Amino acid sequence: MRLMTFRCHHHHFINSCCEKRKKKNRHCHHLSSVNILLKAMSSSVGDKPTIVVIGAGVIGLSCALKIQQLVSGSHDILIVAKEWPSSIAGSPLKPSPDYASMWAGAHIRPIPASTPQLTREAAWIKETVKELSPLIVAEPFIGVTEVEGIDYMEEPDEVYKRQTKESFENETGLPGYTVLSGDQVPPEVKLAFSYQTYCFNSPLYCQNLLRKFLFHGGKTLAREIKREAEAFILADRVSLVVNASGVGFGDPKCFPTRGQTIISNMTTDKTITRLNKDGSAAYIIPRFFNGGTILGGTREPNNWSTEVCPTTRDAIWERNIEMQPYICDKPIAREDLRAIAHVVGRRPTREGGMRVETETVTLRDGKSGTVVHAYGAGSRGYEMSWGVAKEVTGLVKNTLYGFSSKL
Ligand SMILES: Cc1cc2nc3c(=O)[nH]c(=O)nc-3n(C[C@H](O)[C@H](O)[C@H](O)COP(=O)(O)OP(=O)(O)OC[C@H]3O[C@@H](n4cnc5c(N)ncnc54)[C@H](O)[C@@H]3O)c2cc1C
């Protein structure tokens, strides 16, 4: 566009001037200035090495933003993804069930760190909590809201029974742990507690992360790729690839965990989770910023169905309406409650938990490239997002600069 606005004294525009001179096979004294201009332009758009991030879910977007901070302009960051943040529940445009970030509730609900996998996840969640508290002050529109969280358990296991205010707050970074009793709790519930936590309006939050990434010079490409190695051809000099594709590329440890939920017009400023004796669960998660309230839901490993199951839908509806009086100051009359949309999403789950590590992959002509994996978040991608992004950025830093240090 700039080229067209450059006038020369022989002709109107430099590019048309040069075309004419070329035809006459005579030297144009403007050619050199055109070359300088083109060189200047290309140095601003393609001269830098590129870091490619595969995936525009909450994990890819969080990693891309953290890496952008790390390299501060020395590299281009390119996100390549099949699907992009766009969904508004109830609108006719629907992301696929596999784009989990659009379908998540989503809240932070800590689980005691009683296994190595849960311990690793708890550390990532604590990092997310640390990141969110200043973020919502600096960017109140980002799509995250601080709320009261409530857990109800009909048959709590030992790890929950052992939990104290101190252990909960140390492990999660979330304040306000309080054991509930009396008329705050339904009769069948044996353990109930509340704490301060966060709810995400998932599609809005992802849109805002993407907007921020673009504002800071990030680049994007809508494309499906077949393998991590394919990402290395997307720019002239690709330094490394981050694989935040949700399910990875043919990893046999990955499988989907189906989740069916309802987005309703219920209004509440609390989030609640109830774990029942029969293994079923009910949860209510407000999506602030006019996003309705999620009524959940199921967690069905290896169920590939993408259809709404009517029996499940009715059970979710009934179980959650029962909880309304405990979390809504002004419960909506049953006949005025309605579903805005029915949701089926597939959580990208991985046996043993997320894969966050560096791998060297073979490219053509005997060359190799570095891939930093960040996939398989399962049912906890939002809560773990900033912790994972921080760890991934540490691995990127090691690859680029060859040493490890705290970010
Ligand atoms: C019903 C439900 C409720 C949930 N509730 C919560 C909650 O309360 N709290 C919480 O923390 N989490 C929750 N989750 C889980 C959360 O949604 C996921 O853990 C998270 O979204 C995973 O993010 P991701 O970025 O790894 O993957 P995704 O969001 O699936 O994104 C993957 C990205 O990679 C791209 N991609 C994949 N393959 C390719 C390819 N071959 N080529 C190009 N691009 C590709 C996709 O297009 C997409 O952009 C819930 C999920 C569901 C379904």
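Two strands are taken to pair if DSSP finds at least two bridges between them, and helices (H or I, at least four residues) and strands (E, at least two) are DSSP runs, numbered from the N terminus. The model described here is predicted: local features need pLDDT of at least 70, side-chain atom pairs count only at pLDDT 80 or more, and totals for chains, interfaces and linings use all residues. Residue numbers start from 1 along each chain as its sequence is written.

**Sheet**

- Strand β1 (residues 50–54) pairs with β2 in the parallel sense over 5 bridges.
- Isoleucine 51 has isoleucine 77 in β2 standing opposite.

**Helices across the sheet**

**Packing of α4 with α10**

- The axes of α4 (residues 58–71) and α10 (residues 381–401) come within 8 Å and cross at roughly 40°.
- This angle makes α4 oblique to α10 (under 35 degrees counts as roughly parallel, over 145 as roughly antiparallel, 65 to 115 as roughly perpendicular and the rest as oblique).
- The crossing of α4 with α10 is right-handed; a crossing is left-handed if the near helix is turned anticlockwise from the far one by less than a right angle, and right-handed if clockwise.
- On the α4 side the contact includes Val58, Ile59, Ser62, Cys63, Lys66, Ile67 and Leu70, and on the α10 side residues including Gly381, Tyr382, Trp386, Ala389, Thr393 and Lys397 (two residues are in contact if their C-beta atoms, placed from the backbone, lie within 7 Å).
- The contact of α4 with α10 comprises 11 nonpolar, 4 polar and 3 charged residues, where Ala, Val, Leu, Ile, Met, Phe, Trp, Tyr, Cys and Pro count as nonpolar, Asp, Glu, Lys and Arg as charged, and the others, Gly among them, as polar.

**Packing of α4 with α8**

- Helix α8 (residues 202–215) packs with α4 at an angle of about 30°, their axes being 10 Å apart.
- That angle makes α4 roughly parallel to α8.
- The α4–α8 crossing is left-handed.
- Val58, Leu61, Ser62, Ala64, Leu65 and Gln68 of α4 meet Cys206, Leu209, Leu210, Lys212 and Phe213 of α8.
- By class, the residues of the contact of α4 with α8 are 8 nonpolar, 2 polar and 1 charged.

**Packing of α5 with α10**

- Helix α5 (residues 116–138) and α10 pack at an angle of about 95°, with axes 6 Å apart.
- The two helices α5 and α10 are therefore roughly perpendicular to each other.
- Among the contact residues are Trp124, Ile125, Glu127 and Glu131 of α5 and Glu383, Met384, Trp386 and Lys390 of α10.
- The contact of α5 with α10 has 6 nonpolar, 3 polar and 6 charged residues.

**Ligand shell**

- Gly57, Ser101, Gly259, Gly345 and Gly381 come nearest of the 39 residues around the ligand (a residue is near a molecule or strand if its C-beta atom, placed from the backbone, lies within 6 Å of it).
- At least two residues of the shell are supplied by each of α4, β2 (76–81), β8 (254–264), β13 (339–350) and α10.
- The shell divides by class into 17 nonpolar, 15 polar and 7 charged residues.

**Backbone features**

- The peptide bond from glycine 105 to alanine 106 is cis, with omega near 0°, and alanine 106 is in the loop between β2 and α5.
- Phenylalanine 289, a residue other than glycine, has a positive phi near 65° and is placed in the loop between β10 (281–286) and β11 (293–296).

Technical notes:
Axes are lines fitted to C-alpha atoms, for helices over the stretch in contact, and angles run from 0 to 180 degrees between N-to-C directions.
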